[in-house]
Amino acid sequence: MTETLDSAACAELLLCSVDQVEELARAGEIPGVKIGRGWLFVRADLLAYLAERGRREAEERRAARSPSAPTPIKRAKPQRRAAPALPVPH
């Protein structure tokens, strides 16, 4: 038997508000189905969604911390040459 959750139970599982859960469901961010005036969610689907999102965000954080391209070496600015001496009047 598959365990289904209403919006309130889903909000408790996701540690957010019922309004946030319903907005995420309307936007298609989390898997759910609207039946009548309420939403139903399958617990296993929500856990799979959390696991996938966690893996994706962790990969993005790893990529941001260690870019694959090496950082360019900064070259020192060339030194200015001294101005030439002006001719001395006789």
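Colleague: How many bridges join strand β1 to β3?
Modeller: This is a predicted model. Strand β1 covers residues 4-5 and runs antiparallel to β3. Thr4 stands opposite Val42 in β3. The number of bridges joining β1 to β3 is two.

Colleague: Which residue in β3 stands opposite Val33?
Modeller: Strand β2 spans residues 33-35. β2 pairs with β3 in the antiparallel sense, over three bridges. Ile35 stands opposite Gly38. Opposite Val33 stands Leu40.

Colleague: Which residue in the turn of the β2 and β3 hairpin has a positive phi?
Modeller: β2 and β3 form a hairpin, with two residues between them. The phi in question is about 65°. The residue is Gly36.

Colleague: In what order do the three strands form the open sheet?
Modeller: The pairing in the sheet is antiparallel. β1 and β2 are the edge strands, and each pairs on one side only. β3 pairs with β1 through two bridges and with β2 through three. The order is β1-β3-β2.

Colleague: Is the aromatic pair of Trp39 and Phe41 stacked or edge-to-face?
Modeller: The count comes to one aromatic pair. Trp39 and Phe41 form that pair, at 6.3 Å centre to centre. Their planes are 15° apart, and planes under 30 degrees apart count as stacked. The pair is stacked.

Colleague: At what angle does helix α3 run to β3?
Modeller: Helix α3 takes in residues 43-65. Helix α3 lies across β1 and β3. Its angle to β3 is about 70°.

Colleague: Are α1 and α2 roughly perpendicular or roughly parallel to each other?
Modeller: Helix α1 holds residues 7-14 and helix α2 residues 18-26. They pack with axes 8 Å apart, at an angle of about 100°. Angles of 65 to 115 degrees count as roughly perpendicular. Therefore α1 and α2 are roughly perpendicular.

Colleague: How many nonpolar residues has the contact of α1 with α2?
Modeller: From α1 come Ser7, Ala8, Cys10, Ala11 and Leu14. They meet Val18, Val21 and Glu22 in α2. By class, one residue is polar and one is charged. The nonpolar residues number six.

Methods. Residues are numbered from 1 along each chain as its sequence is written. This is a predicted model: local features need pLDDT of at least 70, side-chain atom pairs count only at pLDDT 80 or more; totals for chains, interfaces and linings use all residues. Side-chain values use heavy atoms; hydrogens and water are left out. Rings of Phe, Tyr and Trp (its six-membered ring) pair if their centres lie within 6.5 Å; planes under 30 degrees apart count as stacked, over 60 as edge-to-face and the rest as tilted. Axes are lines fitted to C-alpha atoms, for helices over the stretch in contact, and angles run from 0 to 180 degrees between N-to-C directions. Helices (H or I, at least four residues) and strands (E, at least two) are DSSP runs, numbered from the N terminus. Angles under 35 degrees count as roughly parallel, over 145 as roughly antiparallel, 65 to 115 as roughly perpendicular and the rest as oblique. Contact means heavy atoms within 4.5 Å. Ala, Val, Leu, Ile, Met, Phe, Trp, Tyr, Cys and Pro count as nonpolar, Asp, Glu, Lys and Arg as charged, and the others, Gly among them, as polar. Two strands pair if DSSP finds at least two bridges between them.
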